[in-house]
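Please open the model in a viewer with the backbone drawn as a cartoon.

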Amino acid sequence: MELLTTVSPSTIFSRYLQTFLGAQPISHNDVTQVLEGTDITASGQTVQFTMQGWIGLEPAIQVGVGQGPFKVQIERFDTSANTMSAVTLQGHPVAGWRYWRVYSVGTNEVVVETGAVDTSGPGGKNYLGYWLSRRLQLKFWREYLEFIPSDMSMSGLDPNVIEVFGAYPTVGVWNPVSPSQSDILYQVCQASTCN
Amino acid sequence: MLRKKTLGVLTVLVVIVVLLASVRVYYVRTEPSGDLFWNADNAYIFIGLNDQGRSFNYLGFAVEELREIFPFGASAPSNKHSSVLVLHVTPNLIQTYSTDNFWPTGITPLEGFLYTGDMLPGGALMKWSDTHFELATSKERTKLQLALQGSRIPPTPSYNNIEGWSKRPVVGEIVSESPTVSVEKDAKVTIELGGKQVTFVMNSGFITHKAYIDLIRPGQPPERIWSLDEDGHRVSRAEYERTFRTR
């Protein structure tokens, strides 16, 4: 996502990415949420995600067992590059890595980016869930990104922020030609293979 | 005779399917997000409430049951409604204020006041004014922007004595009991208001879907000042429409 804004990349990183604000309950994200008050300050920290169902926990039915919470662990936390990454932990329906970063591409032009290398977690349930919900996974990260300019504008941080549509779309792509898997892994752990 | 029987069975099946497809059930769930702010004399808890609704016919309901077995399976809400609840706590009293159709951004303190933006269409930057939100002036908007873009107000979920206010999120501590099992332990925040100690015991319901805030004041029994069941609940059509009616 590309933004025209006077807000620095480091402010966007600390206010939105370190806190996963676009996935906290305040964001009204439809798909998944992190715990309110999440604040990443170092690698090794864990972050919990949950997905709330409609029917799941109703006593008579008890089938809503697929909605978490699920954990990821921060693998890279680099404030000098305004980048952080995470690896999914045991029990997560997805197995892999994701990174988030903010960088400047010109005066008052900032890009907020996320990318992942992942597959389904172990087991048939995760396999089916992963492949049946590809659209929802993209929706989650799109909402996560789009919350940033909305909040910047309405919270008073930058009432004049503009989202630029085109070169850096918020609609995610599965298996993109660019960046390559090794490019994404480089952002995750600065190597071509990660732990 | 056999053909007549088959036709009868088919007719009954068609009637059942039509009935299942035409009778609707309505579900509502509410997700909260809250922050506690306090200064020397007053504490305020701002709780944003996000009502989400979804209606299904019985066939859709059965499909939803199946979907929710899988991760990422639950359907997105088809209706939403936002409001803010503000609890004002002093050593002697608790007051509750509610503002409908308001989706608050994070609360920001500045020069002794508390500000938040309304993210609903047509929303604006607002200032909490003792009992209600009022529109922030252009001078206040400029000051707030400078403060937020500088280092005057940290983006952290907790801080002490910033612009006259201290802050904690309404959330407990998540503790892992095993790689796949976690619990949310209550957060206890003890503060001094008007020279008297009060303690807030808070849980966001992240794991249990049961959120609450208890207040403990000296010489008084603990009091549950707010609670919310965050699970989806089946409601009547009338209640559903009342919740999501454009007001």
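Two strands pair if DSSP finds at least two bridges between them. Helices (H or I, at least four residues) and strands (E, at least two) are DSSP runs, numbered from the N terminus. The model is a predicted one, in which local features need pLDDT of at least 70, side-chain atom pairs count only at pLDDT 80 or more, and totals for chains, interfaces and linings use all residues. Residues are numbered from 1 along each chain as its sequence is written, and chains are lettered from A and ligands numbered from 1 in the order in which they are written.

**Strand pairing in chain A**

Select E3(A) together with strand E4 (residues 70-78) of chain A: 4 bridges pair them in the antiparallel sense. Within this pair, A:Phe49 has A:Phe70 of E4(A) as its bridge partner.

Then centre on the hairpin of E4(A) and E5(A), where 4 residues lie between the strands and A:Asn82 takes a positive phi near 45°.

**Chain A as a whole**

Along its principal axes, the C-alpha trace of chain A spans about 55 × 40 × 30 Å.

Colour chain A by burial, where a residue is buried if 20 or more other C-beta atoms, placed from the backbone, lie within 10 Å of its own, exposed if 12 or fewer, and partly exposed in between. Buried residues account for 49% of the 195 residues in chain A.

**The interface with chain B**

Which elements of chain A give two or more residues to the side that touches chain B? First, 52 residues of chain A are in contact (C-beta atoms, placed from the backbone, within 7 Å) with 51 residues of chain B. The elements to select are helix H1 (9-17), strand E3 (46-50), helix H2 (124-132) and helix H3 (134-155) of chain A. H3(A) gives the largest share, 6 residues.

**A helix of chain B**

Finally, select helix H1 (residues 2-22) of chain B. None of its 21 residues is buried, so H1(B) lies largely in the open.

Notes. Two residues are in contact if their C-beta atoms, placed from the backbone, lie within 7 Å.
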